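Hello,

Here is the structure I promised to pass on. Please open it first, then read my notes below.

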Amino acid sequence: MRISVRAAGTGFSLVLAAVGLAAAIVGSTYGFTGEDGRIGPGFLPVVFGGAVALLAVVDVVQRVLRRDRGVTIEDLATDLAASDAEPEVAPEDEPLRNEAGEEVDIFGRTQRQRTRILISVMVGLVGAVLLTPLIGLLLSFTLLMALVAIVLERRPVVPSLIISVVAAAVIWLVFRELLSVPLPTGLLGLI
Amino acid sequence: MLDNLILGFSQALTPENLLWCLIGVVAGTVIGLLPGLGATTGVAVLLPLTFALEPITALIMLAGIYYGAQYGGTITSVLISTPGEASSVVTTLDGYQMARQGRAGPALAISAIGSFVAAIISLALLVTLAPPLADLALGFGPIEQLAIMLLGLVIVVTFQGGALVRGAMMAAVGLLISTVGVASGFTTARFTFGNVDLLSGIPFVEVMIGLFALGEVLYQIRVGAAAPIRARFKDMVIRRTDITRSMPAILRGSGIGFLLGILPGAGSTLASFMSYGIEKRVSKNRANFGKGAIEGVASPESANNSAANANFVPTLALGIPGGATTAVLLGAFTIFGLQPGPLLFETQPALVWGLLVSFFIGNVLLLVLNLPLAPVFAQMLRIPYAYLYPIILLTSVVGAFAVSNNLFSVWLVVLFGILGWILKELDLPIAPLVLGLVLGPLLEKSLVQTSALGQGNLGVIFTSPVAIVVLVSAIALVVLPKAVVAIRPRVAAARERAKETAR
């Protein structure tokens with residue numbers, strides 16, 4: 001299933017509207033004004049929360065009505081910079097395609113493959129942070145680094161391992177030794 | 001002024017500062033040219049590395065990354081038509097065409113020369129203008145500061161491009177995030193939900209690393225990679241006629257860049273667009289624009305460098321960041337216990353002038369490095385991104401941890417990284433969010449003080465002529481472009497009618 005940028009944008013703005021509204025309501029409990037009508041700690045949360053909610057609603061309406069472009073100074077500048085004639089498209093500017101006719105990048109990966117890598121990296125990031133209390137920050141992220149290169153990006157194993165270990169060693173030297181940052185070693189207490 | 005410059009040179013020319021300036025500009029060039037890394041990301045990720053350095057040395061290095069990245073961004077724009085920096089987007093129009101015609105060398109050379117000339121001109125203007133502006137700003141009270149911050153927010157929203165509402169919405173999100181924690185002058189903990197880590201607010205550096213480094217990496221994974229055009233040493237030779245032909249474009253670009261860069265909130269991206277557009281109107285060679293005109297490279301490259309330096313005028317003199325990268329640098333100042341703003345010139349003259357003079361030195365280093373070595377730097381483009389981005393991920397999380405020695409920071413980086421990716425995918429502007437986040441606490445402080453001055457009545461803001469002028473300019477910035485667009489077709493139609501009747 002493909003979600004269009006417009007639909008996703010509308011969804012995101014709806015979430016923002018809800019967050020803004022909630023922030024304004026919670027913010028009002030902090031005290032909108034203080035003594036002698038001066039600004040209280042809740043003033044800006046209410047104002048900014050309200051602004052987020054209002055602007056997000058306007059954005060949703062604009063997206064739904066497809067009237068989502070205001071005119072800004074940058075538009076004028078872009079307008080000035082725009083070419084009068086369309087630049088000619090050379091054959092090498094044509095997107096690369098694989099045998100099935102799908103668009104691929106220079107490593108021959110399709111959009112769907114790249115999206116799968118992206119989701120895996122996000123899951124891997126959360127996993128690495130969760131693993132930190134057990135095996136330590138450096139070890140868990142070095143593991144992630146090697147897994148990303150070898151499993152997800154399908155790079156050769158030996159260079160991937162060497163690069164991961166060297167990068168981790170440099171980071172360890174700089175942060176642990178040079179800057180004396182107490183990198184968490186986790187329950188195992190390795191590095 | 002001369003005393004200050006001598007003081008600056010004595011600071012910037014110490015072997016340690018020179019070395020870190022060189023490290024900064026080289027790192028900046030590499031960062032600028034690597035896909036998915038820009039000046040903001042570079043400064044945010046490498047900021048924790050500078051904690052062991054003296055503040056002046058650290059700031060010299062971080063600023064070196066900033067303007068080094070402007071040079072590096074050009075190399076990718078010319079060779080793979082993929083700008084490393086938003087401010088180099090326009091350079092792809094003619095730069096990439098030149099590269100395809102086998103003139104990558106002159107394109108890179110003229111942008112290095114143009115950037116250098118622009119840097120020197122804008123630095124001269126910066127050292128001339130910033131101190132008097134700081135003097136003037138010393139007389140500003142909370143009311144004037146409030147007005148200037150509102151102007152800064154309006155500028156960033158109107159100048160970031162795209163829909164006005166979305167820019168304003170993102171600025172409001174940044175401002176809202178800035179209200180988390182206990183604000184100065186109050187005792188109430190806001191939006192902390194019992195979490196002790198949130199009491200002092202959402203930390204700035206972690207948000208930057210998340211939004212810019214992680215968010216960009218995640219975005220690039222999905223975009224995929226393009227193959228670079230090869231640039232050789234012997235291609236780097238630039239003809240004298242190329243230089244003389246480009247000089248007017250370079251000078252105009254420098255001027256336009258400075259004017260736009262000096263506005264708090266407007267950035268080098270807009271400057272490069274604007275100068276390219278103007279050059280296309282006035283250049284003798286305008287017919288070739290978009291087909292590989294050297295002026296089309298010289299002009300935006302000069303403008304973005306000039307604007308990058310001009311950005312320091314509001315940052316140093318008013319304490320209001322000119323753009324996203326100067327916002328991170330502003331964060332760096334506060335981490336080192338320095339409060340950027342008008343007082344900085346009085347309390348830390350050695351630091352300010354040392355930093356300003358280091359810009360001169362850094363730009364000389366960049367010219368010397370870039371003219372012969374651009375093809376060497378370009379080899380970096382051959383490093384597979386599959387190796388590069390895991391390293392960026394590792395550096396980002398460890399760097400974030402180093403800021404506060406707390407795993408909470410790492411979670412924040414991951415969270416804001418995913419948010420940054422969503423914003424990029426949805427084409428929502430990040431710069432207003434960052435400015436909102438930086439300006440939020442400052443805005444609240446001046447607002448509280450203003451409200452105290454007026455005993456609860458915010459109308460007191462209209463008693464200050466300076467504040468009124470600033471606020472009127474802010475309104476004009478929103479209204480004027482709309483008016484111009486509304487009027488332009490009518491003027492054109494009236495001209496047509498006049499022509500018709502003349503016949």
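Start with B:Glu279. Setting aside the residues within four places in sequence, B:Glu279 is in contact with B:Ala249, B:Arg252, B:Phe289, B:Glu295 and B:Ser299. B:Glu279 sits in helix α11 of chain B. Its relative accessible area is 2%. B:Glu279 is therefore buried, since the cut-off for that is under 20%. Keep in mind that this is a predicted model.

B:Ala271 has its place in helix α11, residues 268-282 of chain B. B:Ala271 has 0% relative accessibility, so it counts as buried. What does B:Ala271 contact, once neighbours within four places in sequence are left aside? The list is B:Ile256, B:Gly257, B:Leu260, B:Ala303 and B:Ala307. Take B:Ile256 from that list. B:Ile256 and B:Ala271 are 15 residues apart in sequence. In space, their C-alpha atoms are 6.5 Å apart.

Next, the loop between β2 (189-190) and α9 (204-223) of chain B. B:Phe191 lies there, and B:Phe193 lies in that loop too. B:Phe191 is not a glycine, yet its phi is positive, near 50 degrees. B:Phe193 is no glycine either, and has a positive phi of about 50 degrees. Are these residues buried or exposed? B:Phe191 has 11% relative accessibility, so it counts as buried. B:Phe193 has a relative accessible area of 70%, so it is exposed.

Now the interface. In chain A, 89 residues are in contact with 86 residues of chain B. The two chains bury about 7,700 Å² between them. Carbon and sulfur atoms account for 76% of that area.

How many salt bridges are there between chain A and chain B? The count is 1. A:Asp59 forms a salt bridge with B:Arg166. The closest N and O atoms of that pair are 2.8 Å apart.

Which parts of chain A face chain B? At least two residues each come from α1 (5-28), α2 (43-64), α3 (73-81), α4 (111-135), α5 (137-152) and α6 (157-178) of chain A. By class, the side of chain A that touches chain B has 56 nonpolar, 16 polar and 17 charged residues.

Best wishes

How values were computed
Residues are numbered from 1 along each chain as its sequence is written. Chains are lettered from A and ligands numbered from 1 in the order in which they are written. This is a predicted model: local features need pLDDT of at least 70, side-chain atom pairs count only at pLDDT 80 or more; totals for chains, interfaces and linings use all residues. Side-chain values use heavy atoms; hydrogens and water are left out. Helices (H or I, at least four residues) and strands (E, at least two) are DSSP runs, numbered from the N terminus. Buried means under 20% relative accessible area, exposed over 50%, partly exposed in between (1.4 Å probe, protein chains only). Contact means heavy atoms within 4.5 Å. Buried area is the accessible area (1.4 Å probe) that two parts lose on being put together, summed over both. A salt bridge is a side-chain nitrogen of Lys or Arg within 4 Å of a carboxyl oxygen of Asp or Glu. Ala, Val, Leu, Ile, Met, Phe, Trp, Tyr, Cys and Pro count as nonpolar, Asp, Glu, Lys and Arg as charged, and the others, Gly among them, as polar.
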